[in-house]
Protein chains: 2
Amino acid sequence: VTGALSTGIADEILAKTRRAMDELGLDAVVATSPENVAYVSGAAPPSQKTVRSRLAAAIIPTEGETEVVAVALEGPVVRTQSRLDSIKLYQEFVEDPIEVFADSLRRRGLDQGTLGVEETHLSHADYSKLAATLPKARLVSVDELFSDLRIVKTAAELEAIRDIGAAAQRIHDDVCTTFGAGATEREIANFVAERYADEGGDGLTMLVVGSGPRSAAVNAPPTGRVLEHGDMLRLDIIGTKAHYHSDVARTVAVGEPSEEQQEVYDLLLGVHRRCLEALRPGVLSSDVYRIYSEAMGAARLPPYHFVGHGLGITLHEEPFVNELKSIPLEEGMVLCIEPLTLLEGRFGIQIEDEVLITADGYEPFSEAGELLRLGATS
Amino acid sequence: VTGALSTGIADEILAKTRRAMDELGLDAVVATSPENVAYVSGAAPPSQKTVRSRLAAAIIPTEGETEVVAVALEGPVVRTQSRLDSIKLYQEFVEDPIEVFADSLRRRGLDQGTLGVEETHLSHADYSKLAATLPKARLVSVDELFSDLRIVKTAAELEAIRDIGAAAQRIHDDVCTTFGAGATEREIANFVAERYADEGGDGLTMLVVGSGPRSAAVNAPPTGRVLEHGDMLRLDIIGTKAHYHSDVARTVAVGEPSEEQQEVYDLLLGVHRRCLEALRPGVLSSDVYRIYSEAMGAARLPPYHFVGHGLGITLHEEPFVNELKSIPLEEGMVLCIEPLTLLEGRFGIQIEDEVLITADGYEPFSEAGELLRLGATS
């Protein structure tokens, strides 16, 4: 799949990026954040996220050869993944990555140009070093440029997100028919991890497996807790495949749900569907939040400060669906809608689906239904 | 354990930090990196690492009340973990964390003071915002201050690292007696994850489970590969407990090793022991690297560009043991020594132990021995 996606993503994303660069009068972009290096180059050197000094960059001149720069030990990964014209590797401790970026720009005759950098990612120390190394360059922020580009997905990106989103939905279904009372949260987590790998996923980046009172905790990583009749189980499958995220959450009953559990689930599913029905191009993200907030009020459930977010190379990205942001929805955006009710110490319910905004509404990548019972073959 | 460590760590680390601040003439420190927030405050809000905009800070004035600042949804975690005098939570999207940091400094009358910030962590955008918000403050770098402080561990930190290091050693022993040919890498990974949680670990941050030819890959996350007789299995257990890391690697034979596997293991164990014997206060880290490099040469094994690193709140920290850094070893430093030979496509061997530098040598937190056979009860 990675191979098939590569060409499509490369052509469309590079072309989009260069059009946006032209509009801003940039001579080159030096992307350094893990998400934007992955977006424009396809390469995601793993240790870039865990060791801050192992900077990577995607260097995109307005025309001519593009280059990805990474620490030498990530060479094998970067060679497999990068879609850019060349790869430059540096020796950790021996070479300073900022100097290597500057060299790459100099070789392209861009050391006096207008260079776009990520000011919300590049550290103050690295930014200052780059400015001092290229004293005749003009550094401008491309943080917004990338956020604006990434908000509407290309066809190849949609294929990637749809693919792993559908897999997450399938895994939820399989958990439901495989486990029941007596299983531990960790057994379920192991099953999800194995199935996610079988589906071609890179791995889970976060997994919520909260049963009983733990279903009401905001963050509930799996523990050895044994599922009991009367529990609710909240399961949120967050991971990536070929860099793109899945984020699908379900809440199911262990055995027969109580009247209250059934009622809260039904109310929340109603709120969820109200939000989904509102989705189409032109609607503001804040309108969707208002609909959510009013529906929660009508259901006498406390509204949370947001109900959704964009999904792509990062887990949470624009458009955020809250009362503060009024972003008009556009065809090609992917959103997660996730109403949530956490009754502390008792039970929590979360229903989260991924949807694509289409010309006249939305297309679900995953779709929650009525409250399911764990262990029941449905 | 967390509770027991808290008091000791708080007293000693805060006192050390304030002494260093005095020497530099600082009025306050605003720590923002995940590692230094955790170091001085004890709090490690999980999403600080995954969502860049969810900044956290530990604000330490030279005297008076200390404060930790974090995003509101991490309140429950921060309340449990923080050792500082107060906690200030901000609403995501509604409040700008930099403004909240500035407010905290203003309330302490420090808005015209000399403030230490982490220039290699704080983004250029956030640094510029802080400078603009507090125009009369003088911002200076405390990146080196923290690196210097953290290189020698306090008694409570040593207890934490020793504890989870010994646990990693025990888990290696258990893997060795529990599994054999026919097991999959993923089964071993699940076992390690469960045992690590049983030992009180926060979780694994990286786990290498590479068998057969995969034992020679630099990064080898577990797969469904089935272990076969004649394989080598390389297992590196990296995770944290109460924020402090374990990093212990072992290589074992599946069934009877070949003559070559046995020979390379024995040679590498010899190199490992030569390095360990050299450890004592006053020796330079570059001396240890030279001993390693010469011993590898004598064994006709290709030397790697580094053979060790400090261990603590971060996985790789000073002192790095390579030819470029000449740091005199001191009592209270914790090092990982990890000679490695990767024969691409065939097998790889890594032997990694954690040691504490003591007054007259070193104390092992873990200790590798002769080549073990998986599945053999030893």
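Some ground rules. This is a predicted model, where local features need pLDDT of at least 70, side-chain atom pairs count only at pLDDT 80 or more, and totals for chains, interfaces and linings use all residues. Residues are numbered from 1 along each chain as its sequence is written, chains are lettered from A and ligands numbered from 1 in the order in which they are written, and side-chain values use heavy atoms, with hydrogens and water left out.

Let's start where the chains meet. On chain A, 26 residues are in contact with 26 residues of chain B. Contact means heavy atoms within 4.5 Å. Together the two chains bury about 2700 Å², and 56% of that lies on carbon and sulfur atoms. Buried area is the accessible area (1.4 Å probe) that two parts lose on being put together, summed over both.

Now the polar side of things. The rule finds 13 residue pairs in polar contact across this interface, both residues at pLDDT 80 or more. A polar contact is a pair of N or O atoms within 3.5 Å; within protein, one must be able to donate a hydrogen and the other to accept it, and residues adjacent in sequence count only if both atoms are side-chain atoms.

Which elements of chain A give two or more residues to the side that touches chain B? They are α2 (34-41), α6 (124-133), α9 (185-198) and β11 (317-322). Helices (H or I, at least four residues) and strands (E, at least two) are DSSP runs, numbered from the N terminus. The largest share, five residues, comes from α9(A). By class, this side has nine nonpolar, nine polar and eight charged residues. Here Ala, Val, Leu, Ile, Met, Phe, Trp, Tyr, Cys and Pro count as nonpolar, Asp, Glu, Lys and Arg as charged, and the others, Gly among them, as polar.

Next, salt bridges. The term means a side-chain nitrogen of Lys or Arg within 4 Å of a carboxyl oxygen of Asp or Glu. Over all chains the count comes to 46. Four cross the interface of chain A and chain B. In one salt bridge, the side chains of B:R52 and A:E35 meet at 2.9 Å, N to O. Inside chain A, A:R214 and A:E185 meet at 2.7 Å, N to O. That pair links distant parts of the chain, 29 residues apart: A:R214 is in the loop between β7 (203-211) and β8 (232-241), and A:E185 is in helix α9.

On to the sheet in chain B. It is open, with five antiparallel strands in the order β11-β10-β12-β15-β16. Strands pair if DSSP finds at least two bridges between them. The edge strands are β11 (317-322) and β16 (361-364), and each pairs on one side only. Further in, β12 (334-337) and β15 (353-358) pair over four bridges. There, B:C336 has B:E354 as its bridge partner.

Last, the backbone. Most residues other than glycine have a negative phi, and most peptide bonds are trans. B:F93 has a positive phi, near 75°. This residue sits in the loop between β4 (86-90) and α5 (97-107) of chain B. Cis or trans, what is the bond from A:E318 to A:P319? It is cis, with omega near 0°. A:P319 is in strand β11 of chain A. In chain B, a cis peptide bond joins B:E318 and B:P319, and B:P319 lies in strand β11 of chain B.
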